[in-house]
Amino acid sequence: MTQIAFVAYPGFTALDMIGPYEVLRQLPDADVRFVWHDVGPITADSGVLVVGATHSFAETPSPDVVLVPGGPATPVHARDEKLLDWLRQAHQSAAWTASVCSGSVILAAAGLLRDKRATSHWIALPALKAFGVTPVGDQRIVHEGNIITSAGVSAGLDLALWLAAQLGGEGRAKAIQLAIEYDPQPPFDSGHMSKASATTKASATALLSKDSLKPANLKATTLLAWEQALAAARSRRRKRQPVSV
């Protein structure tokens with residue numbers, strides 16, 4: 001069995017997790033788990049869609065694959081030490097550790113992306129720098145060792161198909177792609193910052209800000225930025241201190 005653990009935290013973006021789930025669940029012998037501190041209902045960022053956490057972190061100490069979705073609540077969970085400790089532990093034995101969208105910020109907060117290249121949703125790319133990560137904004141998927149990160153939301157499908165090929169072979173991945181009829185032909189060509197107009201960028205930013213400006217998310221974002229700035233300042237100070245002989 002290949003144990004695949006999706007981190008189901010409150011405030012996740014649905015497609016970040018459900019898209020990869022629809023791909024990876026079709027692998028042979030896939031043991032899919034939605035993991036959180038405790039089992040029970042977890043509400044997505046819409047406040048309407050609810051999924052169930054099927055297993056706790058304690059019940060899932062060493063999955064084969066870990067996938068962290070993104071969402072406006074990312075800053076809140078990037079400060080969750082129990083989650084970060086579990087990710088560090090799980091990563092040690094996992095064949096693959098993956099993130100979709102701003103989920104890479106949580107991996108970065110766990111220290112798993114330091115001195116590595118990684119991607120994220122375009123609005124979250126600046127946040128990666130504070131954790132010593134090299135942000136990549138022009139690739140849908142970035143592969144570094146056994147860590148793979150994807151750009152925003154829909155890029156999770158690309159990531160999942162890539163992982164499916166690693167785990168089940170290219171033939172299986174192609175069959176899954178056809179089964180879900182993933183043949184994107186969008187009616188518009190504004191899916192990347194390099195293609196979108198200024199008006200579209202402003203509108204998209206406003207849409208994203210609606211959830212990001214909720215008090216809990218805004219507070220966590222501020223605290224996360226402050227903590228990383230403080231850590232960087234302390235690191236610089238230590239480097240300047242003379243070494244006694």
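Predicted model: local features only at pLDDT ≥ 70, side-chain atom pairs only at ≥ 80, totals over all residues.
A residue is called buried when its relative accessible area is under 20%, and exposed when that value is over 50%, with partly exposed residues in between.

Which residues of α3 are buried? They are Leu83, Leu84, Trp86, Leu87, Ala90 and His91. These residues cover an arc of only 160° around the axis, so they lie on the same side of α3. The face turned away from the buried side of α3 carries the exposed residues Lys82 and Gln92. At the N-terminal end, α3 is capped by Asp80, which places a side-chain oxygen 3.1 Å from the backbone nitrogen of Lys82.

The interior comes next. In soluble globular proteins, nonpolar side chains tend to be buried together. In this model, the largest nonpolar core has 60 residues, and those with the most contacts inside it are Val7, Leu24, Trp86 and Leu87. Helix α6, residues 155-168, gives the most to this core, with six residues. What does Val7 touch beyond its neighbours within four places in sequence? Val7 is in contact with Met17, Val35, Trp36, Val66, Leu67, Val68, Pro69, Leu83, Trp86 and Leu87.

Side chains of opposite charge can pair when their charged atoms come close. How many salt bridges does the structure hold? There are eight. One of them joins Asp158 and Arg140, whose closest N and O atoms are 3.2 Å apart. Asp158 lies in helix α6, whereas Arg140 is in the loop between β9 (134-135) and β10 (141-144), so the pair ties together parts that are 18 residues apart in sequence. Asp158 is partly exposed, with a relative accessible area of 21%, and Arg140 is also partly exposed, at 36%.

A second salt bridge, at 2.9 Å from N to O, brings together the side chains of Lys174 and Glu170. Both residues lie in helix α7 (residues 170-179), four residues apart, which is about one turn of the helix. Glu170 counts as exposed, at 52% relative accessibility. Lys195 and Asp189 also meet through their side chains in a salt bridge, at 3.2 Å from N to O. Asp189 is exposed, with a relative accessible area of 55%.

Cys101 has a phi near 60°, a positive value in a residue other than glycine. Cys101 is found in the loop between β7 (96-99) and α4 (103-109). Is Cys101 buried or exposed? With a relative accessible area of 5%, Cys101 is buried, because this value is under the 20% cut-off. Val153 also has a positive phi, of about 45°, although it is not a glycine. Val153 is found in the loop between β11 (147-150) and α6, and is partly exposed, with a relative accessible area of 25%.

Conventions: Residues numbered from 1 in each chain as written. Heavy atoms only, no water. Core = buried A, V, L, I, M, F, W, Y, C linked by side-chain atoms within 4.5 Å. Buried < 20%, exposed > 50% of the residue type's maximum accessible area, 1.4 Å probe, protein only. Helix = DSSP H or I, 4+ residues; strand = E, 2+ residues; numbered from the N terminus. Contact = heavy atoms within 4.5 Å. Salt bridge = Lys/Arg side-chain N within 4 Å of Asp/Glu carboxyl O. Arc of directions from axis to C-beta. Polar contact = N/O pair within 3.5 Å; in protein donor to acceptor, adjacent residues only side chain to side chain.
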